[in-house]
Amino acid sequence: MTETIDQIFVILKHWLVGHVPTAVEPIVSELLSVVPIILLFPLLFALITVMERKGLGRIQNRYGPNRVGPCGILQPIADGIKTLTKENIVPHSADKVVHLLAPLLLVMATFLGYAVLPVGRNMVAANMDAGVLFFFAVGSMTELSVFMAGWSSRNKYSLLGAMRAIAQMISYEVPLILSSVTVIMAAGTLSTVSIVEQQSGYTGIFPHWFVFTPWGFAGFVLFMIAATAESNRSPFDLPEGESELIAGYYTEYSGFKFALFFLAEYLGMMSISGMAITLFLGGWAAPLSFLTWIPSYLWFFGKLFFFIAGFIWIRGTLPRLRMDQLMNFAWKFMLPMALINLVTAGVWRFMPTGILRWLVCSAMVVAPYVLLGRGFMLGKRLEKRTYRFAD
Amino acid sequence: MTLPFTIIAALTIAGAVAAMSLRNLVHCVLALTLAFAGLAGMYLLLGAQFVGFAQILVYIGAIAILTVFAILLTRGTEPDAFLDLPSAWVSNSVIVAAVFGVLVWAVHSSPLSRRTLPPPPQITVRQIGFALMDRFVLPLEVIGLLLTAALIGAVILAMHEKQAAK
Amino acid sequence: MLGEGIVRGLAETARNFLGSFVSKERLTTVQFPEERLPQAEAARDFPFLVYDGEDWQAGMRCVACQICEKECPPKCIFIEKSKDKKPDALGRAQFYPARFDIDVSVCMSCQICVEVCPFEAIKMDTAFELSTDDRFGGLLWDRQKLALSDAHYHAIHPTDAAHTDELLAAEKAKAEARTKAAVAKASPAPMPQPPAPAAANEP
Amino acid sequence: MSSMTETTSAANDERSRKLTAGISEGQLLEVSMGPHHPSTHGVFRMDVVLDGERVVKLKPVVGYLHRNHEKIGENNSYLASMPYTDRLDYLCSLTNNWAYALAVETLAGIDVPERAQYLRVITAELTRLQNHSSVIGFLVQDMGASGTPLMYAFREREKILDLFESLTGSRMMCNYMRFGGCRIDLPAGWLDRAKKVVAGFPQFLDEYENLLGTNEILMARTQGIGALSRELAINAGVTGPLLRASGVNYDIRKVDKYGIYDRFDFKVPLGDNGDVYDRYMIRILEMRESIKILDQAMCDIPPGPIMDPKAKIRGFRPKAGEAYGRIEAPKGELGFYLISDGSGNPYRYRVRPPSFVNLTVLEDMCIGNYIADTIAILGSIDIVLGEVDR
Amino acid sequence: MTLAGYLIVAALLFAVGLAGALTRRNAILVLIGIELMLNAANLNLIAFWRYGRSPEALTGVLFVIFSIGVAAAEAAVGLAMIIAIYRHYKTTNLDYIDSMKG
């Protein structure tokens with residue numbers, strides 16, 4: 001029974017595919033994998049926007065939207081109608097074609113990433129042998145659409161925002177990929193499905209997630225920091241830094257195209273969270289062995305919501321970095337840490353199991369963190385100051 | 001198998017031609033990415049998944065972006081003039097036509113070119129990895145060295161001449 | 001250690017997040033159209049003209065002295081003095097405003113008209129939802145629209161109104177005493193000039 | 001503009017020239033930030049020339065909100081200018097009232113009764129609390145903190161505004177002070193409510209410091225940014241928290257001891273670096289000192305009249321002469337200079353707005369910094385365009 | 001699908017790249033043309049690998065991987081040079097950058 005509920009969508013798909021003529025079977029099968037993704041994640045996006053606004057509201061001691069529908073849950077529909085009915089303004093001197101293509105390409109590229117995310121047991125749109133590589137490859141395509149958006153608007157703020165976005169995305173792609181390489185090293189595969197399968201075992205009641213190793217934890221933290229930067233979320237939201245660049249690369253977009261950028265941002269956030277879950281948090285695997293009766297896809301989406309909540313929490317707390325600090329952080333802190341972590345993963349792989357392995361690897365991660373962090377603070381002479389008082 | 005190939009081939013060629021003939025440099029690069037994407041599609045058609053993704057990652061994710069950066073840094077967005085000497089036009093066309101002719105002739109005259117698609121080989125990324133670490137480890141190291149050298153060289157070349165700060 | 005301050009900040013926002021569900025201190029939002037805060041007694045929005053009794057025209061305290069018109073900082077009061085006189089609350093013959101308009105869109109609610117009025121005739125109202133779709137006429141209030149009863153004044157500013165009543169009663173008593181004295185002296189007519197309080201120097 | 005600002009302007013032009021030397025014209029990006037820009041705090045424009053992200057030239061352009069404040073003051077009676085002062089720095093109408101009342105009182109030689117003095121101190125220090133809290137909120141908001149610190153600041157500010165409303169009838173345009181005292185006395189229970197609000201304020205400050213005080217990002221964004229040297233601060237006539245963050249011990253509450261400030265025990269916090277972080281912290285520390293003053297004032301406030309009986313509401317005509325009244329407004333030295341020719345209107349009415357004078361050093365602080373720093377520096381100056389443009 | 005199809009596409013790409021590299025005057029476009037020619041060669045390599053006798057040896061694939069690596073290095077250095085040249089000459093037009101008389 002548990003098995004059936006867990007596999008219900010897979011069974012449903014096979015049943016549906018069995019009813020169509022053999023000639024169109026592969027196409028129908030593909031469609032049945034793709035359409036749910038295209039329907040489900042925008043729905044999730046709608047849910048997340050209201051969740052974010054309410055969450056931020058609560059963090060800021062406000063209610064957040066609470067007028068449309070019960071508890072404001074229908075707010076996204078109101079927002080959607082608003083953006084859809086708004087006038088589509090294209091600047092006179094804009095490069096019209098590129099201006100139009102940019103948001104479409106961006107959304108397309110972010111959707112592509114979902115193809116390799118296993119959202120449940122046997123639930124992946126494309127089980128590719130080089131899944132992780134595919135994910136990062138399509139992820140890198142978003143940079144180009146961001147550039148297209150910024151450049152085609154013929155607006156200085158847009159261009160500055162696009163340049164910032166690209167510089168930031170390229171810089172943080174390095175630690176992002178390097179920190180996921182540790183997992184690839186440990187798993188010995190690039191396929192997302194096998195990576196999750198390797199983490200689905202249990203010792204006692206505890207799962208074999210990669211995050212529960214020193215290198216895995218460090219890699220996870222690095223990955224999440226880089227992921228925040230990749231998805232342009234606070235505190236790395238410089239490309240759209242409202243107080244500096246109005247709205248960055250999408251300053252000149254309005255109406256539905258603006259909504260597409262919004263959609264792409266959240267889709268990107270979700271897909272990269274999904275990748276983090278896949279790589280470090282055991283994908284659809286249950287966190288404790290006696291909880292495996294809960295369907296795998298629920299675990300995946302539960303973890304996804306957990307991540308989104310984290311993103312919202314961080315956004316509600318931190319101020320934004322500055323461009324040069326962002327770059328310094330990427331190249332002088334994240335990159336060395338990711339490289340050290342890579343070595344740590346190697347050491348972990350070749351040391352015998354035991355407490356010594358834990359100690360050595362933890363020290364290998366923590367010591368550079370403390371040293372680099374201190375150097376970072378001292379180098380900038382950042383400190384809490386004391387003040388004198390005059391009568 | 002022919003329809004996807006035709007579409008992708010058409011897109012690739014169209015992208016390449018546009019990249020070489022449009023006046024606005026940024027448009028050229030955008031068209032170029034289309035050609036690169038088409039090529040990646042061809043690699044996928046040919047069963048070279050890893051290379052296809054690497055092509056997207058490196059060419060679209062890095063080289064195209066690098067090129068637009070260079071264009072913006074050199075203020076090259078204003079339309080670029082074609083070579084306007086008629087003699088050069090003629091000589092260039094002749095060269096290109098000759099090269100193309102020779103290539104097509106070679107392709108057509110070879111019996112190899114009429115070979116049909118063999119059954120797809122079972123290639124995994126794992127095998128590529130083993131090959132890289134085993135038989136091709138020396139080229140890999142050389143490439144690593146080359147990339148490092150290129151990285152440093154590019155930084156030094158593009159650095160401000162007066163002060164090192166960005 | 002790097003990240004310490006960030007973690008502390010995260011803890012603080014988490015505390016506020018949870019606190020907003022339990023503590024009214026943290027979640028101070030008042031959901032306006034349904035919930036309304038009681039207005040402070042001192043609240044002031046736009047001026048109105050006080051009248052005594054039932055009939056707004058008969059009971060209007062304003063004698064069209066035009067001090068407020070002169071003192072109004074944004075000059076949003078327009079007064080036209082009447083040609084004839086009519087008896088006021090004390091029974092004395094007074095001018096009355098033939099026209100008394102306030103352009104509420106210009107008024108800045110400073111209350112100076114109230115302070116300078118020697119007759120306690122103009123006071124501040126507390127009504128604030130005044131939007132109108134008439135751009136020009138809608139916020140130009142004439143004397144009929146401006147006239148509100150003394151009872152209304154008592155309802156919105158009880159303390160102030162009581163104080164005003166005291167002042168007026170004192171004045172009335174003084175006036176009556178003077179009338180009596182005048183009657184006793186059998187002088188022809190009461191003083192037409194009202195006994196202006198304290199410092200009613202001419203402007 | 002005075003000659004002093006012109007010389008610093010020339011020096012800034014020289015710095016701009018140095019920074020742009022060797023960079024071709026096409027490499028520079030000229031951005032007009034404002035007048036409608038999310039973080040210029042109103043309609044303020046900065047003509048910024050950027051080399052990449054670095055500001056190489058910056059010219060502030062003011063005047064979009066100019067509304068003839070001084071000329072209106074000269075054509076209105078003395079009293080009629082009082083509500084207009086509310087609209088100068090619309091965050092701190094009570095201190096504006098006080099400065100103007102002080103000037104007129106000096107001009108006409110009016111005394112202020114004891115209780116009114118205490119009322120003025122209490123309302124002014126409450127104003128300082130709400131101004132500083134919202135300023136640090138805006139500052140961090142400008143640095144991208146998506147509203148949280150600002151909302152906390154507003155939560156506290158709201159409580160103070162409620163107090164203002166129940167006292168003066170208006171939340172922001174208080175129009176409370178009169179020549180020779182205050183308009184109305186405290187309503188029943190007001191003092192207890194105020195005591196409660198003030199007692200809760202340190203908790204908010206602690207919360208704020210927990211939230212951001214040791215935040216690495218905030219420190220990285222503010223420490224060493226926009227440092228204003230002691231000399232330049234003095235030469236440019238900068239006042240207020242800006243000046244004290246640069247280490248100059250100059251607080252008019254201490255220097256002039258106007259009102260009854262000599263009766264209270266409080267200290268003046270001083271910074272050593274004069275950067276954005278110092279200005280941020282100085283404001284927090286000043287709030288703590290203000291709380292001390294408030295505690296003392298609300299304890300000691302005596303009963304009594306709130307208006308000088310000699311003061312006239314109608315037909316106020318001070319004798320011919322001139323007077324300058326200045327106070328330590330939350331933003332710096334706010335002064336009103338009045339010349340009377342004996343008539344009902346001032347002959348000359350002049351405002352010395354702290355934000356405007358403090359804004360003159362913007363260019364000095366921004367050149368050579370990043371564009372994101374410009375926003376932080378502008379936020380740390382604490383300008384209100386109603387006061388800058390008048 | 002025969003091998004010839006891929007080879008013809010590669011030849012076309014090569015010709016287009018060559019034409020561009022010869023005709024265009026902007027240094028960046030010349031670089032793009034060269035990239036295109038390199039890609040044509042890559043396509044050839046992959047096609048030959050796929051239609052070859054022993055695809056298990058992976059020679060073609062690895063060749064292309066190395067070639068992509070080299071192309072990345074080439075693009076980085078080339079563009080850096082173009083930027084440096086632009087900074088010196090204030091142009092990227094090759095007609096004006098001929099002080100070496102090459």
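Helix 6 of chain A passes helix 3 of chain B in a left-handed crossing. Left-handed means that the near helix is turned anticlockwise from the far one by less than a right angle; clockwise would be right-handed. Helices (H or I, at least four residues) and strands (E, at least two) are DSSP runs, numbered from the N terminus.

This is a predicted model, in which local features need pLDDT of at least 70, side-chain atom pairs count only at pLDDT 80 or more, and totals for chains, interfaces and linings use all residues. Residues are numbered from 1 along each chain as its sequence is written, while chains are lettered from A and ligands numbered from 1 in the order in which they are written.

**The helix pair**

Two packed helices are described by the angle between their axes and the distance between the axes. Here the axes of helix 6 (residues 131–152) of chain A and helix 3 (residues 49–73) of chain B cross at roughly 25° and come within 9 Å. Axes are lines fitted to C-alpha atoms, for helices over the stretch in contact, and angles run from 0 to 180 degrees between N-to-C directions. Helix 6 of chain A is therefore roughly parallel to helix 3 of chain B (angles under 35 degrees count as roughly parallel, over 145 as roughly antiparallel, 65 to 115 as roughly perpendicular and the rest as oblique).

Residues are in contact if their C-beta atoms, placed from the backbone, lie within 7 Å. Helix 6 of chain A contributes residues including F134(A), M141(A) and F147(A), and helix 3 of chain B contributes residues including F53(B), G61(B) and V68(B).

**Chain contacts**

Chain E meets chain B with 59 residues against 70. Helix 3 of chain E gives the largest share of chain E's side, 20 residues.

The table sorts residues by class: Ala, Val, Leu, Ile, Met, Phe, Trp, Tyr, Cys and Pro are nonpolar, Asp, Glu, Lys and Arg charged, and the others, Gly among them, polar.

| Contact | Residues by class |
|---|---|
| Helix 6 of chain A with helix 3 of chain B | 15 nonpolar, two polar, one charged residues |
| Side of chain E that touches chain B | 44 nonpolar, ten polar, five charged residues |

**The sheet in chain D**

Three strands of chain D form an open, antiparallel sheet in the order 1-2-3. Strands pair if DSSP finds at least two bridges between them. Strand 1 (28–33) and strand 3 (54–61) of chain D are the edges. Six bridges join strand 1 of chain D to strand 2 (residues 45–51) of chain D. M33(D) has M46(D) as its bridge partner in strand 2 of chain D.

Conventions
Two residues are in contact if their C-beta atoms, placed from the backbone, lie within 7 Å.
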